[in-house]
Amino acid sequence: AMKYAFMSFSTPELSLPDMLALAKELGYDGIEPRLDAGHAHGIEVAASAETRHALRQTVEAGGIALACLATSCVFADPAKTPANVQSAHERIDLAGDVGCPRLRVFGGAFPEALPRASAVVQVAAALRSLADHAAHRRVTLCLETHDAWCDPRHVAAVMERCDHPSLAVNWDVLHPVRLKLATVEESFEILRPWIRHLHVHDAIQDPDGKLTLVPMGEGCTDHRRAIQLLQGMGYEGYLSGEWIQWEPYRTHLPRELAALKSYE
């Protein structure tokens, strides 16, 4: 069976114990706290060593996994990369301290004057500079198919250049499809060697580019096919629901999990 998590975007007001209890009640396997967003879970770089130890104990007692910590680190813009690398180092230590095996990062936007090939080099170099620290803390950095990196080919180019076991991909199934850059099958085949985490959510995109979240199966993305492909490769990571400012969590969390499980 696949393993499912949800991001703290669904429950920004819930403390860590309440988030873990909700996950257990609803039948989720893990949670994914979003860092630096003012959410109430308390897993933040500002937490003291004592607090981090207490957070880790809370998770271990709750029987629900920390699937991933979601950062806002971006690496493609040379002007912003050094500060973001430093930020990522701090968040790798946070993940290690609380016992979370994955850290989501972004490629991010880059200046129009910078060619794509140079941006690939830039992101890969930044990730490589973090890789040994991540390995030491037993954390895998997962680069998301998002922002200027929705094309899975661009993300694969970074991964090929990095070539490090602690550097992997967070496949957000929606973004390549909604931008018509790649189908679910194409995305999977391109990213397959590096997929260690997933973000799932369905949506419709208006002609003007506005994205509207809709229940699983009512939007543009075939998550059923994604799950079939993941089952075929023996995927052991999580599928984590990212639902930002959507319906009340008691409405969408049970329904979306039931839909995903039905695809198995």
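**Exercise 1. Strand pairing**

Solution. The structure is a predicted model.
- Step 1. Strand β11 covers residues 238-241 and pairs with β1 in the parallel sense, over four bridges.
- Step 2. Strand β2 (residues 30-32) also runs parallel to β1, and three bridges join the two. Here Ala5 stands opposite Gly30.

**Exercise 2. A residue in a loop**

Decide whether Ser166 is buried or exposed, and state where it lies.

Solution. 
- Step 1. Ser166 belongs to the loop between α5 (152-162) and β7 (167-172).
- Step 2. A residue is buried under 20% relative accessible area. Ser166 counts as buried because its relative accessibility is 8%.
- Step 3. With neighbours within four places in sequence set aside, the contacts of Ser166 are Ala131, Ala134, Ala135, Val139, Thr140 and Leu141.

**Exercise 3. Aromatic pairs**

How many aromatic pairs does the count come to, and what is the geometry of the pair of Phe110 and Trp149?

Solution. 
- Step 1. The count comes to four aromatic pairs.
- Step 2. Phe110 and Trp149 form a tilted pair, with 5.9 Å centre to centre and 50° between the planes.
- Step 3. This pair links distant parts of the chain, 39 residues apart: Phe110 is in the loop between β5 (102-106) and α4 (116-136), and Trp149 is in the loop between β6 (140-144) and α5.
- Step 4. Both Phe110 and Trp149 are buried.
- Step 5. The pair of Trp171 and Phe188 is tilted because its planes lie at 45°; the ring centres are 6.1 Å apart.
- Step 6. Trp171 in strand β7 and Phe188 in helix α7 are 17 residues apart, and both are buried.
- Step 7. The ring of Trp149 also has the charged end of Arg116 over it, 4.5 Å from the ring centre.

**Exercise 4. The buried face of a helix**

Why do the buried residues of α7 line one face of the helix?

Solution. 
- Step 1. The buried residues in α7 include Val184, Ser187, Phe188 and Leu191.
- Step 2. Seen down the axis of α7, its buried residues fall within an arc of 100°, and therefore they line one face.
- Step 3. Among the elements that cover these residues are α5, β7 and α8 (223-233).

Methods
Residues numbered from 1 in each chain as written. Predicted model: local features only at pLDDT ≥ 70, side-chain atom pairs only at ≥ 80, totals over all residues. Heavy atoms only, no water. Buried < 20%, exposed > 50% of the residue type's maximum accessible area, 1.4 Å probe, protein only. Contact = heavy atoms within 4.5 Å. Phe/Tyr/Trp six-rings, centres within 6.5 Å; stacked < 30°, edge-to-face > 60°. Lys NZ or Arg CZ within 6 Å of the ring centre and 35° of its normal. Arc of directions from axis to C-beta. Pairing = 2+ DSSP bridges.
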